[in-house]
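Please examine the model shown below together with its sequence. A report on its architecture and packing is given after it.

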Amino acid sequence: MSKINLDDIRFIYDDPKEYSITIDDDYFQNDSEIRNRRLRLSTQGLKISKELFPSIYKITEKINEKLNLEEEITYFIEPNSFHNAYCLPISSKESAVVINSGLVELLNDQEMEFIIGHEIGHHLFSHKNYPKVTIDGSENIGLKRLSQAAEISVDRMGLYCNNNLDACINCMMKIASGLKPPNINFDHKTFINQLKNIVDLKGDRSQIYSTHPMIFVRAKALIIYSESEPYQQSINLFKQFKHTKKEMDNYVNDLISQSEGYAYDEEQTEEFNSIKMWAEVKLMISNNSWTSSEKKILEKSIGINHLNKIDDIIKLSNQAGLNPVNEINKKWENIKNSSLTKSKKEKLISELEILSKELIVMCNHKQENLIESLSKISNDLGINKTIHINL
Ligand SMILES: [Zn+2]
């Protein structure tokens, strides 16, 4: 059996680097912590065995075999009516998958395969190494977006495990409603159409503080995955796919943004523009001059009002006998630690390379000086890139 390629499944935005989030490379717990977790699991729940829970045990065996898992996962049932399951690391290499009894009563075997595949996905993608998200909305929304992206990856793992899209969507509908037939009809189209109402209402901006994407987004994202090149290849269908991996990932990322009324994207754009402005000014005055041709270029980029603000800062520091370069650097120091995504930062650096070329051609800047200044800016933003200014 060929080994599973996790990168074919992982949503490309499920990547801490994208959100400038540093993670511990490996999860570490000392022996007493491991013992405590195992003890807690064993006292609060029952370990899934062939003897106690034969039908769920069969599902776990099937998935272990499909994913080539050896002793990495221990499965537990916990008595809890809340329709939930979770994956808990119990050592650097092992996880426990815990399924609430309420979920067992709600789902059939194939739906349970989806849930178990989803939870094992958290283990295989090492999501345990990600920083913990808290419920209140005050902290890093990049971290929340990462958490949402992680859910997209593991939903795909769920489908990869059960190979049954209908069962996956049915499972989502059951969990979203708490009901099973005959009290619910599995009309997937009507279910997912509810997303249209949300988008028509310009999205739910509070979703940026949520750890999971909306259920309708997750369902739609899974349908897209089922039609994608990597999934079709995994079931030995070739050349019938509707989307490449990249097309799928971009589509899904936009779907999440849309459901959130583009609130996250707007914050990113605002931050991008602000960082870009100060970086442009830094480059312009890096040769200790502030000329009318530089002002013209800056006005084109940021508009007259912002230009006037910058111009005032430079004028006032000159009047006060201060070096404007230092004053601008102080502003830069305050904003350089941003939550701008890695792809946005890379885009910014490319735009600054183009600006640098203009400064050399139009404003007598020296190429080597600009390369040095731009390298520093890139470094400050945590982007490891060799600067090229092509004349
Ligand atoms: Zn999850």
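## Basis and overall architecture

The structure is a predicted model, in which local features require a pLDDT of at least 70 and side-chain atom pairs count only at pLDDT 80 or more, while totals for chains, interfaces and linings use all residues. Residue numbers start from 1 along each chain as its sequence is written.

The secondary structure comes to 17 helices and four strands; these are DSSP runs, with helices being H or I of at least four residues and strands E of at least two, numbered from the N terminus. The C-alpha atoms fill a box of roughly 85 × 50 × 40 Å along the principal axes. Of the 391 residues, 33% count as buried. A residue is termed buried if 20 or more other C-beta atoms lie within 10 Å of its own, exposed if 12 or fewer do, and partly exposed in between, with C-beta atoms placed from the backbone.

The chain is divided into domain 1 (1-10 + 135-261), domain 2 (24-129) and domain 3 (265-380), with bounds that come from an automatic or database domain assignment. The C-alpha centres of domain 2 and domain 3 lie 51 Å apart. Among contacts between residues at least 6 apart in sequence, 71% join residues at least 24 apart; a contact requires C-beta atoms, placed from the backbone, to lie within 7 Å.

## The sheet

An open sheet of mixed pairing is formed by four strands in the order β1-β2-β4-β3, where pairing requires that DSSP find at least two bridges between two strands. At its edges are β1 (46-47) and β3 (85-89), each of which pairs on one side only.

Strand β3 runs antiparallel to β4 (residues 95-100) and is joined to it by five bridges. The two strands form a hairpin with five residues between them, and Tyr86 stands opposite Val98 in β4. In a regular strand, side chains alternate between the two faces of the sheet. The covered face of β3 holds Ala85, Cys87 and Pro89, whereas Tyr86 and Leu88 are on the uncovered one.

## Nonpolar cores

A nonpolar core is a set of buried Ala, Val, Leu, Ile, Met, Phe, Trp, Tyr and Cys residues joined through C-beta atoms within 7 Å. The largest has 55 residues, of which Val97, Ile115, Ile120, Cys168, Ala221 and Val252 touch the most other members. Helix α6 (residues 141-162) makes the greatest contribution to this core, with nine residues. Domain 1 (1-10 + 135-261) and domain 2 (24-129) each supply at least three residues to this core.

Leaving aside residues up to four places away in sequence, Val252 touches Phe11, Ile152, Ala221 and Ile224. A second, separate core has 19 residues, among them Met277, Met284, Leu340 and Leu355.

## Helix α9

The 12 residues of helix α9 (residues 215-226) should span 16 Å at 1.5 Å a residue, and the 17 Å between its end C-alpha atoms agrees. The expected span is 1.5 Å times one less than the number of residues.

Helix α9 is mostly covered, with 10 of its 12 residues buried. Those buried include Phe216, Arg218, Lys220 and Ala221. Their cover includes α6, α7 (165-177), α8 (188-200), α10 (229-234) and α11 (245-259).

Helix α3 (residues 54-66) has 13 residues and reaches 18 Å from its first C-alpha to its last, close to the 18 Å expected. Its buried residues are Ile59, Thr60 and Ile63. Seen down the axis of α3, these fall within an arc of 95°, so they line one face of the helix; the arc is that of the directions from the helix axis to the C-beta atoms. On the other side of α3, Pro54, Lys58, Glu61 and Glu65 are exposed. The cover of the buried residues includes β2 (73-78), α5 (109-124) and α6. Just after α3, Asn68 takes a positive phi of about 60°.

For helix α16 (residues 342-363), 22 residues should span 32 Å, and the end C-alpha atoms are 30 Å apart, which agrees. Buried in α16 are Lys344, Lys345, Leu348, Leu352, Leu355, Ser356 and Leu359. These lie within an arc of 125° seen down the axis of α16, so they line one face of the helix. They pack against α12 (263-284) and α17 (367-380). The face of α16 turned away from its buried side carries the exposed residues Ser350, Ile354 and Val361.

Key: Two residues are in contact if their C-beta atoms, placed from the backbone, lie within 7 Å.
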